[in-house]
Amino acid sequence: MKRQLHLNLFIQGRGSHEAAWRHPLSSTANLSDVRYYQDLARRAETGLFDSIFFADQLTTNTAQTKSAKALQVWLEPMTLLAAIATATDRIGLIATGSSTYTEPFNLARQFSSIDHISDGRAGWNIVTSWMAGAARNFGDTGQPSHAERYALAEEHVEIVKALWDSWADDAILDDRDNAIYANPERIRPIDFEGTHFSVAGPLNLPRSPQGRPVLVQAGSSEDGRDFAARHAEAVFTAHIEKATAQAFYADMKKRVITGGRHAEHVLILPGLCPTIASTEVEAKRLLLELSEYADVDIAVKYLGTWFGGHDFSGFPLDKVLSPADFPDLAELETSKSRTSMVLNLVKTEDVTLRELLARFAHIGGHYLFAGTPEQVADLIEDWFTDGAADGFNLMPPLLPAMLDAFVDEVVPLLQARGLFRTEYSGTTLREHYGLDRPPGPFA
Ligand SMILES: Cc1cc2nc3c(=O)[nH]c(=O)nc-3n(C[C@H](O)[C@H](O)[C@H](O)COP(=O)(O)O)c2cc1C
């Protein structure tokens, strides 16, 4: 069988485009209504997607904008995944958990619970929380530096893995005749004493169906890539051109192999935001129409959040930008990957602020494309076969319209080309992603 594509659906509000919430083609559902998210997950399951994914942040941007993109409704991800688990059967369920602001014991317990509740479909997107505002909700001791956040994450993940492995797979006997529910010799403490955490363990839950929920990560800095190479099993990444996606792919696979793991055990999933219509002209018109709903002031402020709150509002929209128009990246403690992507674009092309916003800020630096179903399938096949991706983090600009267009029109083309499954062959997220179930330390 040909190498198979992996598809994850990134669910963000009414679509990943900043203006999606106002466009007539997006859902008018209340964004706190769980039925909206259950319905989207079922649509993705109809399209045989590997997984769905929810981002999360631990702060909100009220001071900045009135848009639904910035002021997204952040339902607590574990609660949300539990509700979706009971409304779906096969699709993987990935949510974000912060290694900076969540105690490892709580986090291990939450994801293990979701893995139990969903019969083995849970995945943890490990984030170090780059938004400075989050620190003010957790004691206001100031945001730890980029390096400190990754140092914390390293310990955090080690503890979480150890907790997930603290019960042997056969610890529960449930033996009524001999009055033994669980074998205490098959459950053990972890006794972790580190620089940042001290956790005794064991977890208060048996080992979950996947052994360990799937580990996902999305940092792109040097620290982020090394961390992903050590721990991640899937990596989300953002690129506005194929060449940088190829360079990232090659670099990540090299780091994974150098670290002693198999290249195919870490899937690289770049973001793809496709506007789909029956003709290319119509698709481009729809994308333009969507951009016209976007508020330039909001996009300008959104761009500023990546640059430590830098104020771009005084910049003329149609003047070509230069690197001198941006703050020094070395001074910033926010996301390194996005800031360097913007700067690279400014260095290599003559872009105005207006173009930068259209290509970058409205969709968060992911690949924006408008075309027919065939053109979308061609693009996916090209990136997949040319060393840029193992699959995609699909970010429909409008929900559910562009998800439906993808499921109804693009998925059959990918299937006809032998690139994508025609039915689920497994039941767990690990099986969908082609990943082994990790043996426990008792094995
Ligand atoms: C697809 C995608 C999803 C992300 N989701 C989140 C998220 O939910 N919460 C968050 O704090 N950061 C999120 N990030 C940011 C990364 O996790 C990471 O923190 C950021 O890129 C900074 O790390 P770096 O400096 O190593 O690149 C996401 C990034 C990408 C590409």
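Colleague: What covers the buried residues of helix 1?
Modeller: The cover includes strand 1 (6-10), strand 2 (51-54), helix 2 (77-85) and helix 12 (401-416). This is a predicted model: local features need pLDDT of at least 70, side-chain atom pairs count only at pLDDT 80 or more, and totals for chains, interfaces and linings use all residues. Residues are numbered from 1 along each chain as its sequence is written. Helices (H or I, at least four residues) and strands (E, at least two) are DSSP runs, numbered from the N terminus.

Colleague: Which residues of helix 1 are buried?
Modeller: Y36, Y37, L40, A41, R43, A44 and E45. Buried means 20 or more other C-beta atoms within 10 Å of the residue's own; exposed means 12 or fewer, and partly exposed is in between, with C-beta atoms placed from the backbone.

Colleague: How far does helix 1 reach from its first C-alpha to its last?
Modeller: Helix 1 (residues 34-46) reaches 19 Å with 13 residues. That is close to the 18 Å expected at 1.5 Å a residue. The expected span is 1.5 Å times one less than the number of residues.

Colleague: And what comes just after helix 1?
Modeller: L48, with a positive phi of about 60 degrees. Most residues other than glycine have a negative phi.

Colleague: Next, helix 2 and helix 3. At what angle do they pack?
Modeller: About 5 degrees, with the axes 9 Å apart; helix 3 is residues 104-117. Axes are lines fitted to C-alpha atoms, for helices over the stretch in contact, and angles run from 0 to 180 degrees between N-to-C directions. Helix 2 and helix 3 are therefore roughly parallel to each other. The cut-offs: under 35 degrees is roughly parallel, over 145 roughly antiparallel, 65 to 115 roughly perpendicular, and the rest oblique.

Colleague: Which residues meet there?
Modeller: M78, L81, A82 and A85 in helix 2 meet Q110, I114 and I117 in helix 3. Contact means C-beta atoms, placed from the backbone, within 7 Å. By class, the contact of helix 2 with helix 3 has 6 nonpolar, 1 polar and no charged residues. Ala, Val, Leu, Ile, Met, Phe, Trp, Tyr, Cys and Pro count as nonpolar, Asp, Glu, Lys and Arg as charged, and the others, Gly among them, as polar.

Colleague: Switching to helix 11. Which residues are buried there?
Modeller: P373, V376, A377, I380, W383 and F384. They sit on the same side of helix 11, because they cover an arc of only 135 degrees around the axis. The arc is that of the directions from the helix axis to the C-beta atoms.

Colleague: What is exposed on the other side of helix 11?
Modeller: E374 and D382.

Colleague: And what covers the buried side?
Modeller: The cover of the buried residues of helix 11 includes helix 6 (242-258), strand 11 (267-276), strand 12 (367-371), strand 13 and helix 12.

Colleague: Where is P400?
Modeller: In the loop between strand 13 (391-394) and helix 12. The peptide bond from L399 to P400 is cis, with omega near 0 degrees. The bond from G201 to P202 is cis too, with omega near -5 degrees.

Colleague: Last one. Is S129 buried or exposed?
Modeller: S129 is buried, because 24 other C-beta atoms lie within 10 Å. Its phi is positive, near 60 degrees.

Colleague: And A179, buried or exposed?
Modeller: A179 counts as exposed, with 6 C-beta neighbours inside 10 Å. A179 also has a positive phi, about 55 degrees.

Technical notes. Two residues are in contact if their C-beta atoms, placed from the backbone, lie within 7 Å.
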